[in-house]
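User: I am new to this structure. Please take a close look at the space inside it, then walk me through whatever else stands out.

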Amino acid sequence: MGRLHVLDHPLIQHKLTYIRSKETGTKEFRQLVQEVAMLMAYEITRDLPLTDTTVETPVGLAHCKVIEGKTLALVPVLRAGLGMVDGILAMIPNAKVGHIGLYRDPETLQPVEYYCKLPPNVEERDVIVIDPMLATGGSAVAAIDAVKERGATAVKLMCLVAAPAGVQRVQSAHPDVDIYVAAVDDGLNDHGYIVPGLGDAGDRLFGTR
């Protein structure tokens, strides 16, 4: 079973408080989301394998470590996932970036894929699917379906805030996928929004609320 990682680092929790606040404007909200994503990237890459190398310093040889093998692919779910990408790239500038677009069918209420562009050789990469809100889990499951259908075998999910129902749905559909979140909230309201949550992440990121 994929593990749920709740990242309780004080800096993440401090910044998440201001992300939640309805008083936080678009510019500050966007900056805070990027900063939290950068801090979360530090945790989500903790298990990357290392290999030995040697470099010459100004005073001698140093036996050091570098990341081995696989490179990362960041795959934000459009559009809100875009708000977290720059923060992660600040930590991992060599990561490749793909995109997945989903919309909800008005009759079935199920997510429908309308766009998917992934980096080449995705089967050789560690893929991080990025979506700030893990509410019902429908979009996250569809996004993970999409990257796996195109060959990805090592997938993680990064979200800011999750509802228990969303976590359970992803774990049921994709038991091999680890989930990284800054918080697990109480649940969902009648409109499928996370409570207390932080509102519509896309609207707040792009000023369209």
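**The enclosed space and beyond**

Ile44, Thr45, Leu48, Leu72, Asp126, Ile128 and Lys156 line the largest cavity. Here a cavity is a set of points on a 1 Å grid over the protein atoms alone where a 1.4 Å probe fits but cannot get out, and lining residues have an atom within 4 Å of a point. This is a predicted model, in which local features need pLDDT of at least 70 and side-chain atom pairs pLDDT 80 or more, while totals for chains, interfaces and linings use all residues. Residues are numbered from 1 along each chain as its sequence is written, and side-chain values use heavy atoms, without hydrogens or water.

The search covers the whole structure and finds one cavity of 30 Å³ or more. The largest cavity holds about 40 Å³ of space, a volume being the space filled by probe spheres set on points joined across faces, edges and corners.

Now the open space. The largest pocket has a volume of about 830 Å³. A pocket is an open set with protein on both sides within 12 Å along at least five of seven lines. Its lining counts 28 residues, and the closest to its centre are Arg104, Asp131, Met133, Ala135 and Ser139. Helices (H or I, at least four residues) and strands (E, at least two) are DSSP runs, numbered from the N terminus.

Next, helix α5, which spans residues 164–173. Which of its residues are buried? They are Gly166, Val167, Val170 and Gln171. Seen down the axis of α5, these buried residues fall within an arc of 130° (taken from the directions to the C-beta atoms), so they line one face of the helix. The face turned away from the buried side carries Gln168 and Ser172, both exposed. Buried is under 20% relative accessible area, exposed over 50%, partly exposed in between (1.4 Å probe, protein chains only). The buried residues of α5 pack (heavy atoms within 4.5 Å) against β1 (4–6), β9 (133–134), α4 (138–149), β10 (154–158), β11 (161–162) and β12 (178–181).

The aromatic rings come next. The count comes to one aromatic pair. The rings of Tyr103 and Tyr114 have centres 6.3 Å apart and planes at 40°, so the pair is tilted. Rings of Phe, Tyr and Trp (its six-membered ring) pair if their centres lie within 6.5 Å; planes under 30 degrees apart are stacked, over 60 edge-to-face, the rest tilted. Tyr103 sits in strand β6 (residues 99–104) and Tyr114 in strand β7 (residues 111–117), so the pair ties together parts eleven residues apart in sequence. Tyr103 is partly exposed, at 42% relative accessibility. Tyr114 is partly exposed too, at 48%.

Last, the backbone. Where are the cis peptide bonds listed here? One runs from Leu78 to Arg79, with omega near 5°. Arg79 is in the loop between β4 and α3 (82–91). Another runs from Val195 to Pro196, with omega near 0°. Pro196 belongs to the loop between β15 (194–195) and α6.

Asn121 is not a glycine, yet it has a positive phi of about 55°. Asn121 lies in the loop between β7 and β8 (126–130). With a relative accessible area of 42%, Asn121 is partly exposed.
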